[in-house]
Amino acid sequence: MPSFRALPPSLLRTGARKAVPATPDARTIHVPVARAMVDCGVYVDGVRLPGKFTHAAALTKVREIEAEGNNHAFVWIGLHEPDEHQMEAVADVFGLHELAVEDAVHAHQRPKLERYDDTLFLVLKTVKYVEHESVANAREIVETGEIMIFVGPDFVVTVRHGDHGGLAGVRRQMDTSPANCALGPYAVMHAIADHVVDSYLGVTDLVETDIDAMEENVFSPTSPTDIEHIYLLKREIVEMRRAVSPLTFALQRLGSDHNDLISKEVRRYMRDVLDHTITAADRIASYDEVLSSLVQAAVGKVGMQQNTDMRKISAWVAIAAVPTALAGIYGMNFDNMPELHWTLGYPMVLLVMLTVCVVLHRTFRRNNWL
């Protein structure tokens, strides 16, 4: 029989129900924007104002300054891997488009440039060279991340994904260069793009060292070749190509004279970044071709090594066949065999076997089979 617990008399009299406190769902707990915010600064005529601001207070301060006089001000806020709620809170303040906000939250985007009215949304892929002793011991050579940039008339919002590609150095550079910072939010976009593209060139230089070492290994006749290491390098080069090549089209649009959002001076700087991007893309394309050639060379080298091994095996089998044949014949225990009862028969057979083996060995050595 099931047992039932008696209700308290007060509940029996009134029929009231006891309220059960709800357990909070982790998905409904909203982390404040400040947890994802790396830095937030207000810039007036290229000079950063002292003090700390929230994202909303910073934009309010900027618009108050612009409403008061002729000073040009903007806010630059940096976020690191914000969640959906944090990004939506920032989007509500700065008026960001929901499609771009979705891309900024979920990441894994290809480099691109989108325009939403008077706001530009630029996606950049960051790359980092993973230090290693040699390609043979490496599991990863190039690590990638992402930086999303929202740029409006009076704000810059940067969203970074990944453990590398920090923009603290770029911000310090802009803080100490009021003349560049005075060009406005799009000058910040240029500084970030220039920083990312310069990292492409640095990584390509380091990867070239690995390719040179691999090339030396492949064409060295004495060193063994592992094609898996070449495939690892080629995979990393393909990942870099996906990060760099699509950016060329986006930077062409930014540097175009038909872009009415960006000043002529900033467009000139953007075209310089485009030149560096093309240089990096050309390097990566050449590395891809070199690695394809190395794969073919490595396959040919492995085939030659296998042929050499087969020749050596065949030569030793031929040498071993002579004593095996003689030992097999004289091991059949027949009475009527040549020189069976001859006193010197045994040493003579051994001498014949040794002589034939030596002659075969010298012949194979002369023909480079051994």
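Guide: Happy to! Of the protein's 370 residues, 39% count as buried, where buried means under 20% relative accessible area with a 1.4 Å probe, protein chains only. Keep in mind that this is a predicted model, where local features need pLDDT of at least 70, side-chain atom pairs count only at pLDDT 80 or more, and totals for chains, interfaces and linings use all residues. Residues are numbered from 1 along each chain as its sequence is written, and side-chain values use heavy atoms, with hydrogens and water left out.

Now for your part. In the UniProt record, an unreviewed entry, the annotation "transmembrane region" covers residues 313-332 and 344-364; such annotations may be inferred rather than shown by experiment. Residues 313-332 are 85% helix and 0% strand, with their end C-alpha atoms 28 Å apart. For residues 344-364, the figures are 95% helix and 0% strand, and the end C-alpha atoms lie 30 Å apart.

How does that sit in the whole? The protein has 10 helices and 7 strands, counted as DSSP runs (H or I, at least four residues, for helices; E, at least two, for strands). Its radius of gyration is 37 Å, well over the 21 Å from the globule rule for 370 residues, so the protein is more spread out than a compact globule. That radius is taken over C-alpha atoms, and the rule is 2.2 Å times the number of residues to the power 0.38. Along the principal axes, the C-alpha trace spans about 125 × 85 × 30 Å.

Methods
Buried means under 20% relative accessible area, exposed over 50%, partly exposed in between (1.4 Å probe, protein chains only).
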